[in-house]
Structures are given as C-alpha cells and as structure tokens.
Amino acid sequence: MKQKWRIPPTQGLGFKLSKGQTVRITDVEGEQVADFVAYRDNDFRERLDPGVTMDALHKLKVKPGDLLYTNTYKPMLTVVTDRVGQHDFINPACRSEMYEVLYNKKDHASCYHNLNQALAEFAINAPDQHYPVNLFMNTVIHPSGEITVESPLSKAGDYIELRAEMDLIIAVSACPCSESACNGFKCSPIDVEIM
C-alpha cells in the first residue's frame, strides 16, 4: 500500500521504511531543501552518515546506483532515481543558534527542531546535532576554499528515490530558511511517498 504525505513549509515528518521499500522525496514548487536523516529501526546507534558516505564513495555527489552508508560503513540506502543530481553532504542541520549568529533572529524554526520532533514519536533521543543528507541543497565549494550556498537546482516536481537496504526510521524537514538562497529565499512544501 502506498503512503504519501505533504510536509508543509518549515515543518517535519517521521516515518518507517521497511527493507526493500523505496521512498520518493519531491520538491513540490522547486528550490526547496529537504533535510533527510535515517536510523536503523532496531538499533538507533546506527544512522545515516554523510561523512562516511563521502569516504566510502570517494566523492561529494551521488548518482543512481550509489549507496548511502551508516556510521559503521554498512549500506543503508540505494539511490534509485535522481532528477536533480545536486545535494549537500557537508552542512549540519540548521538550528536556532545558527539563525542568531548569521541573521540575528531569535527562536527561529529550524531543521534541528523539526527532525527532533519527528523522531521523538519513535523514542529516538535528540542528538547534539543532526548531520543530514540535505536533499536538493546546492552547496558550492570554490577553488579558493570558500563555501557558498546557492539556490537549489531543483525545479517543481523534481525528486529523488531511495531504496532501504535495512528497516529504517526516517525524518525529513522542509528547511525553514527563507533568509538566504538555500531555499531560493522562500519556504515551500516537500512531498514524501513510499512507493
């Protein structure tokens, strides 16, 4: 049976994904980042790890057929389809403290809070920080070493599909940053569908 949700702008969602199932994450209006974290269903110490994934793949960009790995170097998800080809593996989830430092805004909605809320219903404790795969996020590393976040390359209806290689608990946040090009200076919804 298919399951489908629409995550409203600036909010989050938690759900289970069984081994062999595929989830499609869709950028509904375009230029919207979706912070994506995953935990092994029967052992929350094992989680999706972007750093390990980059290390195992020897690259910053994934393509269909590539694996996403856990913090213990086990295959967790396989990229099945990717209509965008540009995602971020290096930035942590935005959090209220970040908005204070970068934009002088207090108590701002954040992916850190959204992910914590989404995972709480599965009794997963809040970590000190989330290190998600930031789907559709367009982070550019310049030859000078400078890092900039540009508007996402995703257009309305673009998506990525990921197949679970183990039973998972997943959380997704429709990033609430409208202060920068991260989401094209506006926040919009994200669709999630278990195929």
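The model is predicted, so local features need pLDDT of at least 70 and side-chain atom pairs count only at pLDDT 80 or more, while totals for chains, interfaces and linings use all residues. Residues are numbered from 1 along each chain as its sequence is written, and side-chain values use heavy atoms, with hydrogens and water left out. The protein has three helices and 13 strands; helices (H or I, at least four residues) and strands (E, at least two) are DSSP runs numbered from the N terminus. Its radius of gyration is 15 Å, close to the 16 Å that the globule rule gives for 195 residues, so the protein is as compact as a globular protein of that length. That radius is taken over C-alpha atoms, and the globule rule is 2.2 Å times the number of residues to the power 0.38.

**Overall form**

- The C-alpha trace spans about 40 × 35 × 30 Å along the principal axes of the protein.
- Of the 195 residues, 51% count as buried, where buried means under 20% relative accessible area, exposed over 50%, and partly exposed in between (1.4 Å probe, protein chains only).
- Among contacts (heavy atoms within 4.5 Å) with a separation of 6 or more, 75% join residues 24 or more positions apart.

**The largest pocket**

- The volume of the largest pocket is about 270 Å³.
- A pocket is an open set of points on a 1 Å grid over the protein atoms alone, with protein on both sides within 12 Å along at least five of seven lines, a cavity being a set where a 1.4 Å probe fits but cannot get out; lining residues have an atom within 4 Å of a point.
- Grid points are joined across faces, edges and corners, and the volume is the space filled by probe spheres set on the points.
- The pocket is lined by 18 residues, and Asn-91, Cys-94, Met-98, Met-137 and Cys-182 lie nearest its centre.
- Helix α2 supplies the largest share of this lining, with four residues.
- By class, the lining has 14 nonpolar, three polar and one charged residues; Ala, Val, Leu, Ile, Met, Phe, Trp, Tyr, Cys and Pro count as nonpolar, Asp, Glu, Lys and Arg as charged, and the others, Gly among them, as polar.

**Cysteines**

- The count of disulfides is zero, a disulfide being a pair of cysteine sulfur atoms within 2.5 Å.
- The cysteine sulfur closest to that of Cys-175 belongs to Cys-111, and at 3.8 Å it is too far for a bond.
- For Cys-177, the closest cysteine sulfur is in Cys-182, at 5.2 Å, again too far for a bond.
- Cys-175 is buried, with a relative accessible area of 4%, and Cys-177 also counts as buried, at 4%.

- Glu-46 lies in strand β5 (residues 43-47) and is buried, with a relative accessible area of 6%.
- Beyond its neighbours within four places in sequence, Glu-46 is in contact with Tyr-39, Arg-40, Thr-70, Asn-71, Thr-72, Lys-74 and Met-76.
- Pro-92 is found in the loop between β7 (75-82) and α2, and counts as partly exposed because its relative accessibility is 37%.
- Not counting residues up to four places away in sequence, Pro-92 touches Gln-129, His-130, Tyr-131 and Pro-132.
- Glu-100 sits in helix α2 (residues 96-103) and is partly exposed, at 33% relative accessibility.
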